[in-house]
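Subject: Structure handover

Hi,

Here is the structure I promised. Please open it alongside this note, and my findings follow below.

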Amino acid sequence: MASLTSGRLHVIGGGLAGSSLATLMAEDGIDVTLYDAGEPFESRWTRGMQTAPNSHKVAEPEIFYDPEELVSDFFSQFPEIPDKLVRPAHGVLALKRGRRKPAIVELNSGLAHALIKRRPGLVLQAVTAFGLWQKRFAGEDSRVDIPKGMGRANEADNDDENWKKGTYHRDGLAVLAEILFSMPAQKCSNALFGRILAPSIKALFSRNPAPVFSAIDPIILNDIALPALRERFLASGGRVMAHAPLGDIDSTSEYATDLLFGEDTQIVVNPQDAVVLALHPKQLCDAVPDIGFAPAPARRQTMVFEVRRQFAEPRGLFTSDDLVRAIYCNRRHIQVNLNSNAHLSPDATPEQRAQRIWQRCVWLCDQYLNIDLTARAENADGIGCPNFSFVDAEAPFPELTPGVAALRHRFKPPWKNLFLCGDSFPADYAPGPAALFESVNQLHDELHTFFAKPA
């Protein structure tokens, strides 16, 4: 039994991944200490937005892709957390090619199902299904195809030869790759995207696929769920060490031996102890330089608008627009993720930029979601858009260099008692909420195996 082990567990990083793993292990009887540079049990899970309790109403991207319901399954272990924390959501893929009629694809039945269903005839559907499934076995350095000219707004570009080579289908794959990976689509691995898009032949041809989009309530997450985890963690004997930024890790050739925090705090680690790093990849690489990859800095630009009428259900619009990549309609807020290649005039004022983005959102939601945003809006004084906030922040996971997304299964910590936790590490998952909890589940099992070994 793991509860009889004399080994200790040190979890470094008290965000959603670290605090969730620490709580599970403490309840299993392991001696756990949770370290964090700030306060543990605060949500920092985002698509590149800064999140804190005082801003969580607008800082959480509620809608996410989770066909296996990993997020709701995790929180179902805690009956004190309301079931409505995670609920079904609606996703739409909208594509526009020149003067052609827009393609509107409902994504609730599954990404592969939606792309296959829109092809006319059984033959084309079979070819499309085979092509999607074949991506799972693409080369590790194979990238998602990006049609040249994709997202152009000028009608004059329609006669460009490269523009004509694109198709709705190819555009859709490129858009979904960027949404699922939260990075420029040309850096997405075809192999990883294929596993996310079409995980199995059975899933491709299932007659009743489960909904693949869910939404999490940020208020319940920050005000109820995370405090509940903290109470369970402390009641199980877990210890919290706040405001302890990791400085360095000393080691032998096989084991981590000392954790150094700040200038004067040193924690001795024995070979039978385990160390979990649940850190942002940038912080991880600073602490363990030979971890095996060097992430490129990634930034996400997001505009959040306040509206006066609440949305009945969470909705997401994913589009090939040259300015807007995704629109999330949550509660009384509209979150707009800007295209990674979007160009905003540096001479424009913040109000002018917000007004331009708002006008585009009004048009897109009217065209593809049949939502009249003007009826929900109460424009701020002096500008033609609602109250807004703009977030330009470092993403919680990096823009991995070409090929790295498919090579994540090769990442190995340099010491036997060191483990990695977070949404950047499950090799078969796109970074995001589902990957985060899959990482927690995998590592939970690995740690039990580690502690069950004789000293």
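Start at the end of helix α12: Asn-370 follows this helix and has a positive phi, near 55 degrees. Keep in mind throughout that this is a predicted model.

**Asn-370 and α12**

Most residues other than glycine have a negative phi. Asn-370 is not a glycine, yet its phi is positive, about 55 degrees. Asn-370 sits in the loop between α12 and α13 (373–376). Is Asn-370 buried or exposed? Asn-370 has a relative accessible area of 69%, so it counts as exposed.

Leaving aside neighbours within four places in sequence, Pro-102 is in contact with Leu-95, Lys-96, Tyr-168 and Tyr-368. Pro-102 lies in the loop between β5 (90–95) and β6 (103–106). Its relative accessibility is 27%, so Pro-102 counts as partly exposed. Pro-102 and Gln-367 are 265 residues apart in sequence, but 8.7 Å apart in space, C-alpha to C-alpha.

**The chain as a whole**

The protein chain has 14 helices and 18 strands. It has 455 residues, and 54% of them count as buried. Take the contacts with a separation of 6 or more: residues 24 or more positions apart account for 71% of them.

**Helix α1**

This is the element I would look at next. α1 runs over residues 16–27. It has twelve residues and reaches 17 Å from first C-alpha to last, close to the 16 Å expected at 1.5 Å a residue.

How many of the twelve residues of α1 are buried? Eleven are, and the helix is mostly covered. The buried ones are Leu-16, Ala-17, Gly-18, Ser-19, Ser-20, Leu-21, Ala-22, Thr-23, Leu-24, Met-25 and Ala-26. The cover includes strands β1 (8–12), β2 (31–35) and β12 (274–277). It also includes helices α3 (70–75), α10 and α14.

α1 is followed by Gly-29, whose phi is positive, near 95 degrees.

**α1 against α14**

Two packed helices are described by the angle between their axes and the distance between the axes. The axes of α1 and α14 (residues 433–452) come within 10 Å and cross at roughly 40 degrees. The crossing is right-handed.

From α1, the contact uses Leu-16, Ala-17, Ser-20, Leu-21, Leu-24 and Met-25. From α14, it uses Leu-436, Phe-437, Val-440, Leu-443, His-444, Leu-447, His-448 and Phe-451. By class, that gives eleven nonpolar residues, three polar and no charged ones.

**α1 against α10**

The axes of α1 and α10 (residues 218–235) come within 8 Å and cross at roughly 35 degrees. This crossing is left-handed.

α1 brings Leu-16, Ser-19, Ser-20, Ala-22, Thr-23, Ala-26 and Glu-27 to the contact. α10 brings Leu-221, Leu-226, Leu-229, Arg-232 and Phe-233. The residues divide into seven nonpolar, three polar and two charged.

Leu-226 counts as buried because its relative accessibility is 0%. Not counting residues up to four places away in sequence, it touches Leu-16, Ser-19, Phe-41, Glu-42, Ser-43 and Leu-221. How many residues apart in sequence are Leu-226 and Phe-41? They are 185 apart, with 5.6 Å between their C-alpha atoms.

**A further positive phi**

Glu-69 is another residue to check. It is not a glycine, but it has a positive phi of about 55 degrees. Glu-69 is found in the loop between β3 (63–65) and α3. At 38% relative accessibility, Glu-69 counts as partly exposed.

Best wishes

Technical notes: Residues are numbered from 1 along each chain as its sequence is written. This is a predicted model: local features need pLDDT of at least 70, side-chain atom pairs count only at pLDDT 80 or more; totals for chains, interfaces and linings use all residues. Side-chain values use heavy atoms; hydrogens and water are left out. Axes are lines fitted to C-alpha atoms, for helices over the stretch in contact, and angles run from 0 to 180 degrees between N-to-C directions. Helices (H or I, at least four residues) and strands (E, at least two) are DSSP runs, numbered from the N terminus. A crossing is left-handed if the near helix is turned anticlockwise from the far one by less than a right angle, and right-handed if clockwise. Contact means heavy atoms within 4.5 Å. Ala, Val, Leu, Ile, Met, Phe, Trp, Tyr, Cys and Pro count as nonpolar, Asp, Glu, Lys and Arg as charged, and the others, Gly among them, as polar. Buried means under 20% relative accessible area, exposed over 50%, partly exposed in between (1.4 Å probe, protein chains only). The expected span of a helix is 1.5 Å times one less than its number of residues.
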